[in-house]
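Work through these exercises with the model open beside you. Each task is followed by a solution in steps.

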Amino acid sequence: MNDIDLVLFDRDGTLIHDVPYNGDPERVRPVDGAREALDLLRARGIGTGVVTNQSGVARGLLSTADVRRVNARVDELLGPFDVWAVCPHGTDDGCHCRKPRPGMILWAAGRLRTQPERIAVIGDIGADMEAARRADALGILVPTAQTRPEEIAAAEHVAADLSTAVRAVLSGPPLGRVLADERPAEAAYDTTGRAR
């Protein structure tokens with residue numbers, strides 16, 4: 001039996017290709033396998049959400065309306081998500097929500113009435129993993145070209161891609177540090193969501 005009720009994803013670099021300080025919904029491009037991975041979770045009754053730092057708002061590079069428009073496009077392409085949490089603060093604002101702090105994860109847990117230890121957080125940088133650790137959630141790192149080597153080395157669980165990370169969640173708590181199942185997500189599960 002799976003112990004995860006909710007999977008929270010970082011947005012930029014994890015669900016969609018990272019376009020720094022993007023305020024244009026037309027520039028939103030899902031990463032390969034994102035839709036299929038999310039569909040697998042939803043088919044199993046596992047909640048999905050997004051937790052995203054958007055410091056461009058604090059820096060004056062984006063408006064909150066820009067962020068809402070981009071999030072709406074992500075939701076249109078990959079949703080519907082059960083919960084969205086956005087931190088608009090800068091690194092020096094001292095907020096409790098900006099990752100690596102656990103505020104957004106804990107807020108999402110309360111919003112969906114689940115325990116943090118029943119949440120998985122999938123992201124592409126160390127701040128995502130540290131926020132998961134501080135919240136007592138499971139963290140799985142999916143590295144990109146922007147992920148620093150020390151972040152990969154420090155991560156408790158590392159997956160080659162989003163599909164592999166989601167399969168690890170569906171299979172139960174990962175047993176190893178590097179998750180290496182290379183099958184496409186749809187090949188790993190039948191139409192009822194059971195592992196093959």
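Helices here are DSSP runs of H or I with at least four residues, strands are runs of E with at least two, and both are numbered from the N terminus. The model is predicted.

**Exercise 1. Find where Arg-113 lies, then decide whether it counts as buried or exposed.**

Step 1. Locate the loop. Arg-113 sits between H3 and strand S4 (119–123).

Step 2. Check the backbone. Arg-113 is not a glycine, yet its phi is positive, about 55°. Most residues other than glycine have a negative phi.

Step 3. Apply the cut-off. Exposed means over 50% relative accessible area. Arg-113 has 78% relative accessibility, so it counts as exposed.

Step 4. Look at another positive phi. Asp-136 has one near 70°. Asp-136 belongs to the loop between helix H4 (126–135) and strand S5 (138–141).

**Exercise 2. Inspect the peptide bonds from Gly-79 to Pro-80 and from Lys-99 to Pro-100: cis or trans?**

Step 1. Most peptide bonds are trans.

Step 2. Read omega for Gly-79 to Pro-80. It is near 10°, and the bond is cis. Pro-80 is in the loop between helix H2 (64–78) and strand S3 (83–87).

Step 3. Read omega for Lys-99 to Pro-100. It is near 25°, and this bond is cis. Pro-100 is in the loop between S3 and helix H3 (103–111).

**Exercise 3. Describe how H1 packs with H6.**

Step 1. Take the geometry. H1 (residues 34–43) and H6 (residues 162–170) pack at about 10°, with axes 9 Å apart.

Step 2. Classify the angle. Angles under 35 degrees count as roughly parallel. H1 is therefore roughly parallel to H6.

Step 3. List the partners. From H1 come Ala-34, Ala-37, Leu-40 and Leu-41; from H6 come Leu-162, Ser-163, Val-166, Val-169 and Leu-170.

Step 4. Sort by class. The contact has eight nonpolar residues, one polar and no charged.

**Exercise 4. Which residues touch the most other members of the largest nonpolar core?**

Step 1. In soluble globular proteins, nonpolar side chains tend to be buried together.

Step 2. The largest core holds 31 residues, and Val-7, Phe-9, Leu-15, Ile-122 and Ile-140 touch the most other members.

Step 3. Trace the suppliers. Strand S1 (6–9), H1, H2, S4, S5 and H6 each supply at least two residues of this core. H6 gives the most, with six residues.

Step 4. Compare with the second core. It is separate, has 18 residues, and includes Met-104, Ala-109, Ala-135 and Ala-137.

Notes:
Residues are numbered from 1 along each chain as its sequence is written. This is a predicted model: local features need pLDDT of at least 70, side-chain atom pairs count only at pLDDT 80 or more; totals for chains, interfaces and linings use all residues. Side-chain values use heavy atoms; hydrogens and water are left out. Axes are lines fitted to C-alpha atoms, for helices over the stretch in contact, and angles run from 0 to 180 degrees between N-to-C directions. Angles under 35 degrees count as roughly parallel, over 145 as roughly antiparallel, 65 to 115 as roughly perpendicular and the rest as oblique. Contact means heavy atoms within 4.5 Å. Ala, Val, Leu, Ile, Met, Phe, Trp, Tyr, Cys and Pro count as nonpolar, Asp, Glu, Lys and Arg as charged, and the others, Gly among them, as polar. Buried means under 20% relative accessible area, exposed over 50%, partly exposed in between (1.4 Å probe, protein chains only). A nonpolar core is a set of buried Ala, Val, Leu, Ile, Met, Phe, Trp, Tyr and Cys residues joined through side-chain atoms within 4.5 Å.
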